[in-house]
Amino acid sequence: MDIFKIEGPTRLCGSVTVNGSKNATLPIMAATILAGGKSVLKSVPHLSDISIFGQLLCELGCKVRRGDNGDLCIDSTVIDNPVGDYEIVRRMRASICILGPLLARCGRTRVSMPGGCAIGDRPVDIHLRGLRELGAKIYLENGYIVAEANGGLRGKEIFLGGSFGSTVLGTANVLMAAVLAKGKTIIESAACEPEIADLANCLNAMGARISGIGSPRLTIEGVEELHPIEYRVIPDRIEAGTFMVAAAITKGQLHINNCRLDDMMAVVDKLRSIGVTIDRADGGCVVAGAGPIGTGHITTQPYPGFPTDLQAQFTALLALGSGNSVVIEKIFPDRFMHVAELNRMAADLRKEGPAVIVAGVKKLIAAPVMASDLRASAALVLAGMAAEGTTIVSRVYHIDRGYEKIEERLNPLGAKIIRENI
Ligand code: EPZ
């Protein structure tokens, strides 16, 4: 198992390029199921989550390979085993988004219910509610969701909101089922995340008829069939945000390439409000965190609000703020595994229900810490670069799920991160 040894404090300086988005790629990989044939996806990062999703598609009957130029080639001509096996689904919850496309393509599918998750309770009731509205018969059997659509799916007006607002992968599942359904579907309270807009744009390029993209009301006119596609996924706004925090927490200056600021206005606004400068630059931006880190109040919300996937990284940043801050987690109320670990590094964080009271400290002190999930581990790496001494981060496999070779991209900027296999 790999660990990171991180020397601190360091100051990051230079230029870094953002990879394609993991959370746009995964549902788009599922969408290739809808059109039998060879699709090619571009700008797909090399991440363990992407490899696992590739294995999942192979289990269904697809052929998945990486081209010499790094493109991801998916041949979905044959789908002869429409089953999402527990052994794969338990490793990656996003596997659930094969449910809608398999139902639309094969008329019947079995997909394992996703299990527990370090960031909290993650039911899929809204996914199932939406698919039932399209006429699917759905029941649970031995931990598997069995979905049948004898005679095909039928378009309908569907409200997809839940107690925490919209659902990203729930919207993806229902959208992918609706594109081949008979008639018109309206999805109200659809997720507006850029990753969902990218999926919808990709589906339209495959021959679907979706309008209202980027808004909470998606209208889908069902079509007979879709065709395979060559498509480039959008840049990863969460990776870009993580690099922005890296510049701020190390009081450095980074030119971040391939970053769409328009997808990140809530993040940019928050960074500017705590004293970080962000200027647009060719194909991205320049982020400088020279001055003292201010204080802030963060509440995570569905897009275009502040993303929950940057909450841990900002908590680490505010831990070094010049006073008290509050972080409220409205999407995954239990998503605070990083708090105890940051306190081991002499942060002063107090968890109060779905919130953390952050009393800013002058400095963080290195310590051995444990990664528990993808974004919490990113926060620990950021804290390690700012802390005095050598921080040991264990269970690094969590960070490899969402950041491609992070140490090889940060070290040229001035970080001192060593990966060791123990
Ligand atoms: C996506 O997960 C992302 N994953 C998550 O990123 C991200 O944190 C999340 O959206 C929110 O932005 C991928 O895109 C692969 P949701 P998803 O359904 O779709 C509740 C990362 O770090 N809910 O939008 O699973 C749910 O419990 C990952 O890259 C229901 O109650 O999240 C949560 O409180 C982690 N019933 C809220 O809605 C449902 O049927 C939003 O979850 C579905 C969701």
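Which residues does Ile50 touch, not counting residues up to four places away in sequence? I began my notebook with that one.

**Before looking.** I am reading a predicted model, where local features need pLDDT of at least 70, side-chain atom pairs count only at pLDDT 80 or more, and totals for chains, interfaces and linings use all residues. Residues are numbered from 1 along each chain as its sequence is written, and side-chain values use heavy atoms, with hydrogens and water left out.

**Entry on Ile50.** I found Ile50 in helix α2, residues 48-60. Helices here are DSSP runs of H or I with at least four residues, strands are runs of E with at least two, and both are numbered from the N terminus. Leaving out residues up to four places away in sequence, I listed Thr25, Leu26, Met29, Val44, Pro45, Arg66 and Leu72 as its contacts; contact means heavy atoms within 4.5 Å. Ile50 counts as buried because its relative accessibility is 3%. Buried means under 20% relative accessible area, exposed over 50%, and partly exposed in between, using a 1.4 Å probe and protein chains only.

**Entry on positive phi.** Ser43 is not a glycine, yet I read a positive phi near 60 degrees. Ser43 sits in the loop between β3 (38-42) and α2, and is partly exposed at 29%. I then noted Asn258, also not a glycine, with a positive phi of about 55 degrees. Its loop runs between β15 (253-257) and α9 (265-273).

**Entry on cis bonds.** I saw a cis peptide bond joining Gly8 and Pro9, with omega about -5 degrees. Pro9 lies in the loop between β1 (2-8) and β2 (13-17).
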